[in-house]
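Here are my notes on this one, as numbered points. Have the model open while you read.

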Amino acid sequence: MAYKEKEINKLYYSIGEVAEMFDANTSMIRFYEKEFDILQPKKNAKGNRLFRPEDVENLKIIFHLIKDKGFTLQGAKEHMKNNKDEVADNQKVIDSLEKLKAFMIKVGNEL
């Protein structure tokens with residue numbers, strides 16, 4: 001039986017890890033933190049930001065709305081506020097499709 005490696009999920013991510021996930025500057029992550037009330041990372045004794053998985057999911061939604069859909073900051077804020085459940089469901093579908101795409105590419109490369 002083949003060993004399947006589990007996906008490692010952390011409880012907290014540093015701002016550097018989050019910036020790397022989104023291929024963005026840490027300053028952009030801090031800017032979005034100030035602009036969007038939904039982002040509330042914890043801070044340790046040194047003041048370093050610690051992002052929870054929920055914060056990362058919210059950042060995915062924010063990046064999708066702003067970068068992919070072309071929303072303005074104000075438009076993204078209003079859309080997230082007025083369509084909270086719909087936006088979260090859409091992001092889950094997008095994540096699933098991206099995983100499926102990566103799997104299909106992997107299978108295609110192995111042929």
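1. A definition to begin with: patches are built from residues with over 30% relative accessible area and no salt bridge, joining like charges within 9 Å and nonpolar side chains (Val, Leu, Ile, Met, Phe, Trp, Tyr) within 5 Å. By that rule, V93, L97, L100, F103, M104, V107 and L111 make a nonpolar surface patch of about 740 Å². Areas are Shrake-Rupley with a 1.4 Å probe, and a salt bridge puts a Lys or Arg side-chain nitrogen within 4 Å of an Asp or Glu carboxyl oxygen. M104 sits in helix α5.

2. Some housekeeping: this is a predicted model, with local features needing pLDDT of at least 70 and side-chain atom pairs pLDDT 80 or more, while totals for chains, interfaces and linings use all residues. Numbering starts from 1 along each chain as its sequence is written, and side-chain values use heavy atoms, leaving out hydrogens and water.

3. Helix α3 (residues 53–68) passes a length check: its 16 residues at 1.5 Å a residue should span 22 Å, and its end C-alpha atoms are 21 Å apart, which agrees. Just after α3, G70 has a positive phi of about 80°.

4. Buried residues (under 20% relative accessible area, 1.4 Å probe, protein chains only) of α3 include L59, I62 and F63.

5. I29 touches F51, L59 and F63, among others (heavy atoms within 4.5 Å), not counting residues up to four places away in sequence.

Notes
Helix = DSSP H or I, 4+ residues; strand = E, 2+ residues; numbered from the N terminus. Expected span 1.5 Å × (residues − 1). Buried < 20%, exposed > 50% of the residue type's maximum accessible area, 1.4 Å probe, protein only.
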